[in-house]
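The sequence and structure are shown first.

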Amino acid sequence: MSSKGRRRAAAIMAGMAVWLQISAPADGAPAAKAVKTDQTKAGSTYTYQQDPVPQVIQKMSPSVVGIMGKTPNGGTSKGEDRYNLAHGTGVILRENGWIVTNAHVVSGLSGIQIVTSDGKTYKARIVHADAISDIAVVKINAKGLKPAAFAASSQNSQVGEQVVAIGTPISFTLRNSATAGIVSGLNRSVDGSYRLIQTDTAINPGNSGGPLVNMKGEVIGINSMKFSAVGIENMGFSIPSETVSYVVKHLMSYGEVRRAGLGLTLEESFSAIIGLPSDDPLAVTQVISSQAEKAGISEGDVLYAVNGRRVYSIVDINEMLKSYMPGSQVKLLMQRDGDIVSVPLTLSSGNDTVSIPEMEEEEQESW
């Protein structure tokens, strides 16, 4: 090559120089950026973001455990577990051995074993479960565990943002399997208890109790159920981190969730039941607590608001009552005999606020 040609080639290579910069964002999720500067077009740069999913999985996996125990009944026919075993997933809450999972994972199990990501096995010492929220806490005799980081609120999440589920699907040999997807929806009312996160991340039997994790490495929900039927795909649901925090606080303080209740059976409007936007109030169909009777509430009254906040559905009330304890005083805005009245009410103790209609079995399947 002539000297003129060599100089031209060197100039072209200099104009295509590429620098690789590694940065660690403040949220702890590492990312790699490649910045390309083309000297033939002054000022133009191109940035490439490395896929954060592997780093999120690596960060979260040490905080995820497998859970196994014996069921009361079992079988020996084909397709059944002859050892009467069932399994699920859990997330480490505290370094001293507290773990959160689903209530349906541990309820009814005996001889519960917890297996950490490094293969160590522990026996469950304490189990507190709440069936309504489907949250349970398990205590093992361990120290130095790695707690997961929980998001303060799932409401900071956005529909469409990328998330990862980690769990123990199908077989206990598949512990710490990861699947990726997006947040499909927020504030979903599925079973009438509390609002849920909808995700298209693959959730299979055994994933229950495992984390739904955002790209900051925060747990935004605990995977709880999915819709499973012919023609239905990728419809999983997770319990939001704020509900998990509320239930866990009660379980670790009292061994149960001390819920406040209105002491009423309420009926939603037809629009609310089928999912249409609705401003319709709720109708009182039964008074079931002495406190509600003393307040003068009767069948046929209509409920508009609790402490100044409008309520349109059963889930609205259950979410609101998370902020109260039994014995607290609230004011109900109601309609009685055509008049709008303010009714002071002492909240009752127990889970008697509402009746929740069950879905048809073929419409919902959970693990």
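The secondary structure of the protein, taken from a predicted model, comprises 7 helices and 25 strands. Of the 367 residues in the protein, 43% are buried. Contacts between residues at least 6 apart in sequence join residues at least 24 apart in 60% of cases. The protein has an accessible surface of about 19,000 Å², and carbon and sulfur atoms account for 50% of this area.

**Aromatic pair**

The structure contains 1 aromatic pair. The ring centres of tyrosine 194 and tyrosine 246 lie 6.4 Å apart with their planes at 70°, so the arrangement is edge-to-face, the class for angles over 60 degrees. Tyrosine 194 belongs to the loop between strand S12 (177-188) and strand S13 (196-199), whereas tyrosine 246 belongs to helix H4 (residues 241-254); the pair, 52 residues apart, thus links distant parts of the chain.

| Residue | Relative accessible area | Class |
|---|---|---|
| Tyrosine 194 | 5% | buried |
| Tyrosine 246 | 10% | buried |

Both values fall in the buried class because the cut-off is under 20% relative accessible area.

**Packing of helix H2**

Helix H2 (residues 53-60) has Val53, Gln55, Val56 and Met60 as buried residues. These residues lie on the same side of H2, because the arc that they cover around the axis is only 165°. Which strands do the buried residues of H2 pack against? Their partners are strand S4 (64-70), strand S11 (162-167), strand S14 (211-214) and strand S15 (218-226).

Conventions. Residues are numbered from 1 along each chain as its sequence is written. This is a predicted model: local features need pLDDT of at least 70, side-chain atom pairs count only at pLDDT 80 or more; totals for chains, interfaces and linings use all residues. Side-chain values use heavy atoms; hydrogens and water are left out. Helices (H or I, at least four residues) and strands (E, at least two) are DSSP runs, numbered from the N terminus. Buried means under 20% relative accessible area, exposed over 50%, partly exposed in between (1.4 Å probe, protein chains only). Contact means heavy atoms within 4.5 Å. Accessible areas come from the Shrake-Rupley method with a 1.4 Å probe; for residues, only the protein chains shown count as cover. Rings of Phe, Tyr and Trp (its six-membered ring) pair if their centres lie within 6.5 Å; planes under 30 degrees apart count as stacked, over 60 as edge-to-face and the rest as tilted. The arc is that of the directions from the helix axis to the C-beta atoms.
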